[in-house]
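Let's take a friendly walk through a structure, one piece at a time. Have the sequence and the 3D view ready.

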Amino acid sequence: MQLITAIIKPHMLDEVKDALRSVGVQGITVTEVKGFGRQGGHTETYRGAEYKIDFVPKVKLEVVVDDAAADGVVSTIAETARTERIGDGKIWTTPVGQVVRIRTGESGPDAI
Amino acid sequence: MRRKLLLGAGLGGLALVALAGPAHAQEATDIPLDDTQMILDNIFLLIAAVLVIFMQAGFAMLEAGLTSAKNVGSILMKNMVDFCLGALMFGLIGYHIAYSGENLFGFSWLWGGYDAAPTTDYSIMLPVDFLFQVAFAATAATIVSGALAGRAKFSGYLIYTALITAFIYPIVVNWQWGGGWLAEMGFQDFAGSTIVHSVGGWAALMGAIIIGPRIGKYSAEGKPRAIPGHNIVIAMLGVFILFVGWFGFNPGSQLAADIEVPRIAVNTAMAAAGGGVAALFTSWIVFRRPDVSMVGNGILAGLVSITAGAYLMDGWTSTIAGLIGGIIVVFSVVGLERLKVDDPVGAVSVHGVCGAWGTLAVGLFANANAPFLDEGIDGLFFGGGLDLFVDQLVGVVAVFAFVVVTTGILFSAIKAIGMLRVDPEHEIEGLDVTEFGVPGYGPDALATITRPTAS
């Protein structure tokens, strides 16, 4: 099993969510986050004083899938979240040790 | 309205007096009016003017609450310039077009008019009247900002707000309260369902059509999607501030502290209540859930619906006018959304559509036989036949046509010079940071002030 974590542009979330549903993903977790990558931040002016916004708003999306499905899900996210402008985000995968569905006690791939 | 006609004549006279010099001014001050009544009238209208100015806070809060958190600073900025720039333009040009027909440009009335005293049959002093009228002009202008929320470029908005307060709104006012052709025809609009609210509402309609929907408002298949307001608390505070402000708008339009004022105030309150209740149950039935922001829109719809008839209608017909307004507003909001007109706050439905309804309602419900009216005209349901209703319809259609054409040209011109809408990337990131350099809520802990440029 793999935990797929993606940092994407906030306004792409709807499209990515719909695309993941259509490839059979059953659930995702999202968090509003801030950060910077190559896009960096930008300088603004407040009452004549300059200030720097280093961290720009992004959405972090997490989904656990079976090993066999991982590559497909990663490429689905990459294709739907791509605007080809700087700041589109990143995707990475992490091996997952155990998954338990709390309501039924199922574990492993059955719990995904 | 009847009194506003007198006002038009009075102001025209005053403008001439101001031009002609002190000899004539002396004539104007020589007036057999009861001093106490005159002072009461003027102080009452001054307080009413302040209440109408306070409505700007209501519009600001309503529009801020019903739009995205990333655009609050932008919408508040537009509300501020609606009053500030609007007052300057209306004072410089609009007021003269609306009322005097003389001195079309310049503040000449200001130095000629501060000590201007009432004319024989009209007790309101010029500065008091000006303040009241300027508050109305700002109301007409500010209606549009909500309909364009989230995508209108600030520079283009400045052009719009300057021109509506300088020309478009004043020309419509002149047709009615300035004694123009609508007034001569017999059109009745006590406090401005059509003259003020529909003008703003139809301008908002043209703006929303020409600027197009917000990014993400419609799915690829064209289905409307909800973009919920970010703060329902602020939005509903705005509704109640507007409600309170309306007690300046309608009772103030009597332009006198007389025995009709309490009745006008009660009509206003009952129409608001009717609008709220009707929108509550309409939304409950149509959406299967009572909708908080729609009840807020319903209260305002009720208020707009009684603005034309607050003087000429009974308490119970006022309530009915408000109830029907509250039903209309729900269907209007849903209908406009299906037509791909993206109006984030319902400005077109509340002010344009319900403004038209309120004006037509006078043609149905005006009651000259009521004990409070010793003169006037009957509506269709009170034995007056269709005459008044037809006059009302002509007025509604004429103002619609005039505003749609003028603001259609105006917004198209602003679009042609590229000042109507922000870039898509800026719209997505939010107008607060991209147009004004600072988020509405913040700058937060993750942003750092680095290098002050001013000491």
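Predicted model: local features only at pLDDT ≥ 70, side-chain atom pairs only at ≥ 80, totals over all residues.

Helix 13 runs over residues 315-338 of chain B. From its first C-alpha to its last, helix 13 reaches 35 Å, close to the expected 34 Å. Helix 13 is followed by B:Lys340, with a positive phi near 65°.

## Chain B as a whole

Zoom out, and chain B shows 17 helices and one strand. It has 455 residues, and 57% of them count as buried.

Now look at the contacts in chain B with a separation of 6 or more: 78% of them come from residues 24 or more positions apart.

## The sheet in chain A

Over in chain A, four strands make an open, antiparallel sheet, in the order 2-5-1-6. Its edges are strand 2 (29-35) and strand 6 (89-95), each pairing on one side only. On average, neighbouring strands of this sheet are turned by 20° against each other, ignoring direction.

Strands 2 and 5 of chain A are antiparallel partners, with seven bridges between them. Here A:Val33 sits opposite A:Lys58 of strand 5.

## Helices on the sheet

Helix 1 (residues 13-22) of chain A lies across strands 1, 2 and 5, at about 10° to strand 5. Helix 2 (residues 67-81) of chain A also packs on the sheet, where it touches strands 1, 5 and 6. The direction of helix 2 makes about 5° with that of strand 1.

Notes: Residues numbered from 1 in each chain as written. Chains lettered and ligands numbered in written order. Helix = DSSP H or I, 4+ residues; strand = E, 2+ residues; numbered from the N terminus. Buried ≥ 20, exposed ≤ 12 C-beta atoms within 10 Å, placed from the backbone. Contact = placed C-beta atoms within 7 Å. Expected span 1.5 Å × (residues − 1). Pairing = 2+ DSSP bridges. Axes fitted to C-alpha atoms, helices over the stretch in contact; angles between N-to-C directions.
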